[in-house]
Amino acid sequence: MANLINLIISIGNGFLLPKFLSLESYADLKTFFLYTSYIGILHLGYVDGIYMKYGGRTIETIGEEEFAKEKRILSLFQFGITVPIVLAAFMMGDSNLLFAAISILPINMVFLFKFIYQATGEFKEYRRITNFSPILIFLLNLLSLFIIKTDRSLCYIGIQVVISFVVWGYYERRNRITRVSKKLSLKEMWICLNGNIRMGFIIMLGNFMGIWITSIDRWFVKILYSVADFAYYSFAVTMLRLINVVVTAFSVTLYNFFCKKPEDKEIAMLRKVVLAVGAAIVAIIFPVEFVIRTYLEKYIYAIPIIKVLFMVQFVLVEVNAVYLNLYKAFNFQKKYLTRMIIVTIIAFFLNGMIGYLWNDIIAYAVATLLTAFIWLILCQIDLPEYKMVHREWAYFLSTILAYFFSGYFNMWVGMIIYVCWVIVETCLLFLRDAKRLVHETISEKIEGNKI
């Protein structure tokens, strides 16, 4: 529900801002977002280590003194990281980098609260902190667009920065764990800092590479092409939020399920469910295309890019929701990290080579699609006991073919062709699994009622 509310607000921002902002201002704002997407790596795994340490505990069992100490150390650590980046941004004259640097401390402190609420099962608080910032930003964006009526990117970037401090300040005052009764020595701070970073560094590094793999294309476009081209490409990436909410929901749920060591047949069934849901959710491209052609004419050039990137997400639904969770749940962290390094190198090579040969921004979307496909194949090699079977590959490849084939028709005709194809192939290839899933769900419901 938290992700769904966040999605609705993101859709509002996703369509309103490009509609009313100039290409230059929108590109500036997306550059700021590109910088801030890497802020989560600057705690070097410290927050991930705390998350692992407190996972499964309740908020009442966490020592107030212990957590207050860890929180203070994180704030000092992030302040120390912020200062040199702020100075570098001043020297470079990069205002977007400057505002991103100023955001480091509040964003990572809010991450800490989010992780604590999630680790200890405080989902009511997690929902609040997840939605607090997007709601405030959305309201202030509306004020800036329709009351103040400004096109200055600085205003919208400033909103992001101010709200990050407001949310951090609010949760600092709201949270009951706020004080450290004694002065911390440098040795105590180092032991705490080193311990948490060592515990969470590999997870953080893997997450960073996942972000890097899916953002390399934007860096190529930003460096090599015009401001307008970067705005088009960034708008296409923004539209992926419509699918990412489904990926996130599956990833969070399936990780807990895989940690319980389910049987192989249960994992196989879930792979098929994820495939079918991924194929269905990609159909959103057709109403998205309609909205863009009707209300956002200046971004029509981005439609082919969006279509390719939506198919990237179809491939990555299987990778992120199933295979990356299997790596983590079965303690294959080193193999996971090695694989992420390899995929990062492949992504960089494909973006450089295809971009050079094609010389069009859609080339980077195609390179990202090929990277995602190779990533999926490498997952099959790493986890052979959980690899996709022939029927799943048939479903996967036929969905891709049907998706691109439907693009040759009128958008509504194409949607009918694609949706009908997905329904037919699901019935032909996964009907037995669907019946079994429904039967087991009903049986569990009956047993639950009896208890």
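This note goes through helix geometry, salt bridges, a cavity and aromatic pairs in a predicted model.

1. Helix 13. This helix runs over residues 264-281, 18 residues in all. At 1.5 Å a residue it should span 26 Å, and its end C-alpha atoms are 26 Å apart, so expectation and model agree. Its buried residues include Ile267, Met269, Leu270, Val274, Leu275 and Ile281. Two residues with charged side chains, Arg271 and Lys272, are also on the buried list.

2. Gly278. This glycine lies in helix 13. Gly278 counts as buried because its relative accessibility is 2%, and the cut-off is under 20%. Its C-alpha atom is 8.4 Å from that of Val247.

3. The whole structure holds six salt bridges. One of them joins Lys71 and Glu172, at 2.9 Å from N to O. Lys71 sits in helix 4 (residues 64-92) and Glu172 in helix 8 (residues 153-174), so this pair ties together parts 101 residues apart in sequence. Lys71 is buried, at 5% relative accessible area.

4. A buried pair. Arg339 and Asp382 also form a salt bridge, with their closest N and O atoms 2.6 Å apart. Arg339 belongs to helix 16 (residues 333-358) and Asp382 to helix 17 (residues 362-382), so the contact links parts 43 residues apart in sequence. Both residues are buried. Elsewhere, salt bridges that share partners join Glu289, Arg293 and Lys307 into one network.

5. Glu289 bridges to Arg293, with the closest N and O atoms 2.9 Å apart. Both lie in helix 14 (residues 285-295), four residues apart, or about one turn of the helix. An α-helix has 3.6 residues a turn, so residues three or four places apart point the same way. Are the two partners buried or exposed? Glu289 is buried, with a relative accessible area of 6%. Arg293 is partly exposed, at 38%.

6. Cavities. There are two cavities of 30 Å³ or more. Which residues line the second largest cavity? They are Ile213, Thr214, Val312, Leu316, Ala347, Thr368, Thr371, Ala372 and Trp375. Helix 17 gives the most to this lining, with four residues. Helix 15 (303-329) and helix 17 each supply at least two. By type, the lining divides into six nonpolar, three polar and no charged residues.

7. Aromatic pairs. The count comes to 29 aromatic pairs. Tyr26 and Tyr299 make one that is edge-to-face, 5.7 Å centre to centre with 75° between the planes. Tyr26 is in helix 2 (residues 23-36) and Tyr299 in the loop between helix 14 and helix 15, so the pair ties together parts 273 residues apart in sequence. Both tyrosines are buried.

8. A tilted pair. The ring centres of Tyr38 and Trp219 are 6.3 Å apart and the planes meet at 35°, so this pair is tilted. The pair links distant parts of the chain, 181 residues apart. Tyr38 lies in the loop between helix 2 and helix 3 (46-54), and Trp219 in helix 10 (residues 216-224). Tyr38 is buried, at 12% relative accessible area.

9. Aromatic cluster. Tyr26 and Tyr299 come up again here. Together with Tyr232, Phe235 and Tyr301 they form one aromatic cluster.

Methods: Residues are numbered from 1 along each chain as its sequence is written. This is a predicted model: local features need pLDDT of at least 70, side-chain atom pairs count only at pLDDT 80 or more; totals for chains, interfaces and linings use all residues. Side-chain values use heavy atoms; hydrogens and water are left out. The expected span of a helix is 1.5 Å times one less than its number of residues. Buried means under 20% relative accessible area, exposed over 50%, partly exposed in between (1.4 Å probe, protein chains only). A salt bridge is a side-chain nitrogen of Lys or Arg within 4 Å of a carboxyl oxygen of Asp or Glu. On a 1 Å grid over the protein atoms alone, a cavity is a set of points where a 1.4 Å probe fits but cannot get out, and a pocket is an open set with protein on both sides within 12 Å along at least five of seven lines; lining residues have an atom within 4 Å of a point. Grid points are joined across faces, edges and corners, and a volume is the space filled by probe spheres set on the points. Rings of Phe, Tyr and Trp (its six-membered ring) pair if their centres lie within 6.5 Å; planes under 30 degrees apart count as stacked, over 60 as edge-to-face and the rest as tilted.
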